[in-house]
Amino acid sequence: TTAVVLSKLVVGWLATLTVQAKRQPDPSFDTTCRLCKLAPETNWHVLAECTHPVMVAARREHLTKITDHIADLPLPPAVQKLVSVNWLVDDSGALVDMQSEEALADTIRSWAPELANTIDVADLRHRLLWDAPAGKHADDLRKWAFRGILPAQWNALLRDNGVHAAAAETALRAIELKVCDTTPELWRHFCAEAHRLTGPCTNPNSLTAKVNAALATWNGPIP
């Protein structure tokens, strides 16, 4: 269900190969992305980086729904663009890279040139905690925003850009709901294509797999 996918998406526990590898006794278990074959199949890679044509098309379709939704909110145009940077896609179809000050500055200049001379990129990254990776996956809060978690730092940023506190809260909640309704579709597209290309990925150590393996060689009557 969408709720299950969303909960796993938020905590980074979608059943990508790197997640499945944690349950595999074989240290040589291959975690290369089943679609693009270019990088380890992590949660972030699937959602934001995989450039297989299916994922590029899905990302452009569904992330555009989010940015279009933001454009319809009663926010100043500059603020709409500032919030939308979380879901921008580059020419390759991957999520725009903003892991450095230079990358974020380039994004602001191309996406919102009217903000380029008014925003201190280093200060923006610091205020949004984008410069402070945390946790075992070294996630920054930009990744959390992409997943639909816009913390209090965004409220403060909107207020500082002329948005009333209540309006900022309402707009951010609306964006979070749209993201939560939209991003699980990326995982569904990935699973469908992975299944088409490689068949269902099953855990050989699961109870179901062990029962099926036992029955496959069973010659006697079924008890």
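This report walks through the helices, packing and selected residues of one predicted protein model.

## Overall build

The protein chain has 13 helices and zero strands. Read along the sequence, the pattern is therefore one α after another, α-α-α-α-α-α-α-α-α-α-α-α-α. The chain holds 223 residues, and 42% of them count as buried. Taking contacts between residues at least 6 apart, 60% join residues at least 24 apart.

## Helix α5 and what surrounds it

Helix α5 covers residues 77-84, and helix α10 covers residues 152-160. The two pack at an angle of about 155°, with their axes 11 Å apart. Angles over 145 degrees count as roughly antiparallel, so α5 is roughly antiparallel to α10. Their crossing is right-handed.

Which residues of α5 meet α10? They are Val79, Leu82 and Val83. On the α10 side, the partners are Trp154, Leu157 and Leu158. By class, this contact has six nonpolar residues, with no polar and no charged ones.

An α-helix has 3.6 residues a turn, so residues three or four places apart point the same way. In α5, the buried residues are Val79, Gln80, Leu82, Val83 and Ser84.

Ser84 belongs to helix α5. Its relative accessibility is 3%, so Ser84 counts as buried. Beyond residues up to four places away in sequence, Ser84 touches Thr67, Ile70 and Trp111.

## Helix α10 against α11

Helix α10 also packs with α11. The axes of α10 and α11 come within 9 Å and cross at roughly 130°. That makes α10 oblique to α11. This crossing, too, is right-handed.

From α10, the residues in this contact are Trp154, Asn155, Leu158 and Arg159. From α11, they are Ala165, Ala168, Glu169, Leu172 and Arg173. By class, the contact of α10 with α11 has five nonpolar, one polar and three charged residues.

Cys180 sits in helix α11, which spans residues 165-182. Leaving aside neighbours within four places in sequence, Cys180 is in contact with Thr2, Leu6, Arg147 and Gly148.

## An aromatic pair

A pair of aromatic rings is described by the distance of the centres and the angle of the planes. The count of aromatic pairs in this model comes to three. One of them joins Trp44 and Phe146, with ring centres 5.3 Å apart and planes at 80°. Planes over 60 degrees apart count as edge-to-face, so this pair is edge-to-face. The pair links distant parts of the chain, since Trp44 is in helix α3 and Phe146 is in helix α9 (residues 141-146). They are 102 residues apart. Trp44 is buried, with a relative accessible area of 11%. Phe146 is buried as well, at 0% relative accessibility.

## Residues in the loops

Glu41 lies in the loop between α2 (17-21) and α3 (43-49). Is Glu41 buried or exposed? Its relative accessibility is 0%, so Glu41 counts as buried. Residues up to four places away in sequence aside, Glu41 touches Thr16, Leu17, Thr18, Thr31, Thr32, Cys33, Arg34, Val46 and Phe190.

Lys37 lies in the loop between α2 and α3. Lys37 is not a glycine, yet its phi is positive, at about 65°. Leu129 has a positive phi near 60°, again in a residue other than glycine. Its place is in the loop between α8 and α9. The table sets out the accessibility of these loop residues.

| Residue | Relative accessible area | Class |
|---|---|---|
| Glu41 | Glu41: 0% | Glu41: buried |
| Lys37 | Lys37: 52% | Lys37: exposed |
| Leu129 | Leu129: 33% | Leu129: partly exposed |

Terms used
Residues numbered from 1 in each chain as written. Predicted model: local features only at pLDDT ≥ 70, side-chain atom pairs only at ≥ 80, totals over all residues. Heavy atoms only, no water. Axes fitted to C-alpha atoms, helices over the stretch in contact; angles between N-to-C directions. Helix = DSSP H or I, 4+ residues; strand = E, 2+ residues; numbered from the N terminus. Parallel < 35°, antiparallel > 145°, perpendicular 65-115°, else oblique. Left-handed = near helix turned anticlockwise from the far one by under 90°. Contact = heavy atoms within 4.5 Å. Nonpolar A, V, L, I, M, F, W, Y, C, P; charged D, E, K, R; others polar. Buried < 20%, exposed > 50% of the residue type's maximum accessible area, 1.4 Å probe, protein only. Phe/Tyr/Trp six-rings, centres within 6.5 Å; stacked < 30°, edge-to-face > 60°.
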